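Colleague: I am new to this structure and would like to go through it with you. Could you please show it first?

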Amino acid sequence: MAHRRCAQRRSRPRSHVRGTGRPRPRRLGRSSTSGGGGDDPPGRRSRLRASLTSRRLDLRSALASYLVARDLPAHSFTPGAEGHCAICGLYDDALAQDLNVLNFERFKWGGTRHDSIIYAAFDLQQFHRAPRLEPTAADRELGRTILTTLRELPPGVTAAQAVTHLRPLKGNKSERQVLLDILGICGVLDTTDHHGYSDGFVPWSRRTLPSRRFIDQAYPACWWTSAAGISTKAVESVLPILA
Ligand SMILES: [Zn+2]
């Protein structure tokens, strides 16, 4: 999946989102692209829906990991800014990743490093072993409610602010933030200039982040405001049962 020479640096200090205890989305990027994948991620879409009422956050994470990994191009280390690979964002001189930490984050928040290919690989491996859980009518209804809520927000609401509007979703603020991060990766929160992975892999060099001091959402959700609406195309492609 990834080139062998890149691996993720572990020594980077991990700051936290204010007041939540959730690790802040890491500055892993620069911007986007997108194309149009229509293949079915077996089981992953339904697991995301099934996670909505069950609060199985580990299942919620797998759809994002699948989309990140699906179109990752085979490549060698491609020097980018700050020692990162410009394609995948990993470092060339990597230290081993603590999988216990990744697993904790999966269960605690539904993952926080969805654009890391190390996390994506681990997450999908664990997903494959996880007990199956079929979505219910309540999951579908809740999924549609969430999308309708996002679609009908007044203009100017950021993704971080939208979290407070997702009260029908069980869980705490951090879990809702991560759900929005996942919807961003799914392309549902695409903006004109910043896209998720529904249409193709987004190179690290294009995953830019806003220049403001506090960034509470990961790329590309950090760019989204309600003025952009939600992408019907991405919903139909990635979460068709909620369209
Ligand atoms: Zn790479």
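Modeller: Helices (H or I, at least four residues) and strands (E, at least two) are DSSP runs, numbered from the N terminus. This is a predicted model, in which local features need pLDDT of at least 70 and side-chain atom pairs count only at pLDDT 80 or more, while totals for chains, interfaces and linings use all residues. Residues are numbered from 1 along each chain as its sequence is written.

Colleague: How many helices and strands does the protein chain have?

Modeller: The protein chain has eight helices and zero strands. Read from the N terminus, its elements run α-α-α-α-α-α-α-α.

Colleague: And what share of the residues is buried?

Modeller: Of the 243 residues in the protein chain, 44% are buried. A residue is buried if 20 or more other C-beta atoms lie within 10 Å of its own, exposed if 12 or fewer, and partly exposed in between, with C-beta atoms placed from the backbone.

Colleague: Let us take H2. Which of its residues are buried?

Modeller: The buried residues of H2 are Leu57, Leu59, Arg60, Ser61, Ala62, Leu63, Ala64, Ser65, Tyr66, Leu67 and Val68. Eleven of its 14 residues are buried, so H2 is largely enclosed by the rest of the structure.

Colleague: What span should H2 have?

Modeller: Helix H2 (residues 57–70) should span 20 Å at 1.5 Å a residue, and its end C-alpha atoms are 21 Å apart, which agrees. The expected span is 1.5 Å times one less than the number of residues.

Colleague: At what angle do H2 and H3 pack?

Modeller: H2 and H3 pack at about 110°, with their axes 6 Å apart. That makes H2 roughly perpendicular to H3. Axes are lines fitted to C-alpha atoms, for helices over the stretch in contact, and angles run from 0 to 180 degrees between N-to-C directions. Angles under 35 degrees count as roughly parallel, over 145 as roughly antiparallel, 65 to 115 as roughly perpendicular and the rest as oblique.

Colleague: Which residues meet there?

Modeller: Leu57, Asp58 and Ser61 in H2 meet Arg106, Phe107 and Trp109 in H3. Two residues are in contact if their C-beta atoms, placed from the backbone, lie within 7 Å.

Colleague: What about Arg56, is it buried or partly exposed?

Modeller: Arg56 is partly exposed, with 18 other C-beta atoms within 10 Å. Arg56 lies in the loop between helix H1 (44–54) and H2. Its C-alpha atom is 9.7 Å from that of Trp109, which is 53 residues away along the chain.

Colleague: Moving on, how do H3 and H4 cross?

Modeller: The axes of helix H3 (residues 99–109) and helix H4 (residues 117–129) come within 11 Å and cross at roughly 65°. That makes H3 roughly perpendicular to H4. In this pair, Leu99, Leu102, Asn103 and Arg106 of H3 meet Tyr119, Phe122, Asp123 and Gln126 of H4.

Colleague: Now H5. Which of its residues are buried, and which are exposed?

Modeller: Asp139, Leu142, Gly143, Ile146 and Leu150 are the buried residues of H5. Seen down the axis of H5, they fall within an arc of 100°, so they line one face of the helix. The arc is that of the directions from the helix axis to the C-beta atoms. On the other side of H5, Ala137, Ala138, Thr148 and Arg151 are exposed.

Colleague: Last one: where is Ala218 found?

Modeller: Ala218 is in the loop between helix H7 (173–185) and helix H8 (232–238). With 29 C-beta neighbours inside 10 Å, Ala218 counts as buried.
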